[in-house]
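Subject: Structure handover

Hello,

Here is the structure I promised to pass on. Please open it first, then read my notes below.

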Amino acid sequence: MKAFRWIVGSLLFASSLPVLSLLLAGTLAKMFGCTLNEADVHPCYVFGVSIGPFLYSLSVMGWFMILSLPLGVAVLITWIGVESVWLVRKRIAR
């Protein structure tokens, strides 16, 4: 059961990464006063270095949530089901 929990936790973490990358891109762009959209790379200079391409990449990675969020929800529902069955069997065995 411990290995199952590690696998499910890893899958839930992995499915939330696109959302986190999009939030990070938006936060950094707002913090440094940069323009951010998925149409084009905009220059954003921080300490003399343009982080515009990095912010653009982070924001476009957010599109992966179209696939990862449903996967995460499916994993979470499966996890709740498996844990519920395990808990019921454990209580019956007592």
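A nonpolar core is a set of buried Ala, Val, Leu, Ile, Met, Phe, Trp, Tyr and Cys residues joined through side-chain atoms within 4.5 Å. Buried means under 20% relative accessible area, exposed means over 50%, and partly exposed lies in between (1.4 Å probe, protein chains only).

This is a predicted model, in which local features need pLDDT of at least 70 and side-chain atom pairs count only at pLDDT 80 or more, while totals for chains, interfaces and linings use all residues. Residues are numbered from 1 along each chain as its sequence is written, and side-chain values use heavy atoms, with hydrogens and water left out.

The core. The largest nonpolar core has seven residues: L28, A29, C34, C44, V46, I51 and L55. One of these, V46, is in contact (heavy atoms within 4.5 Å) with F32 and I51, leaving aside neighbours within four places in sequence.

The helix α3. Helices are DSSP runs of H or I, at least four residues, numbered from the N terminus. α3 covers residues 65–93. It has 29 residues and reaches 41 Å from its first C-alpha to its last. That is close to the 42 Å expected at 1.5 Å a residue (1.5 Å times one less than the number of residues). S68, G72, V75 and E83 are buried in α3. The buried residues of this helix pack against α1.

V8 is in helix α1. V8 is buried, because its relative accessibility is 5%. Not counting residues up to four places away in sequence, V8 touches V75 and W79. V8 and L76 are 68 residues apart in sequence, yet 7.7 Å apart in space, C-alpha to C-alpha.

S68 sits in α3. Its relative accessible area is 10%, so S68 is buried. The S68 side chain reaches the backbone oxygen of S15 at 3.0 Å. Beyond its neighbours within four places in sequence, S68 is in contact with S15 and P18.

The salt bridge. The count comes to one (a side-chain nitrogen of Lys or Arg within 4 Å of a carboxyl oxygen of Asp or Glu). The side chains of R5 and E83 form this salt bridge, at 2.9 Å, N to O. R5 lies in helix α1 (residues 2–32) and E83 in helix α3, so the pair ties together parts that are 78 residues apart in sequence. R5 is partly exposed, because its relative accessibility is 36%. E83 is at 19%, so E83 counts as buried.

Best wishes

How values were computed: Helix = DSSP H or I, 4+ residues; strand = E, 2+ residues; numbered from the N terminus. Polar contact = N/O pair within 3.5 Å; in protein donor to acceptor, adjacent residues only side chain to side chain.
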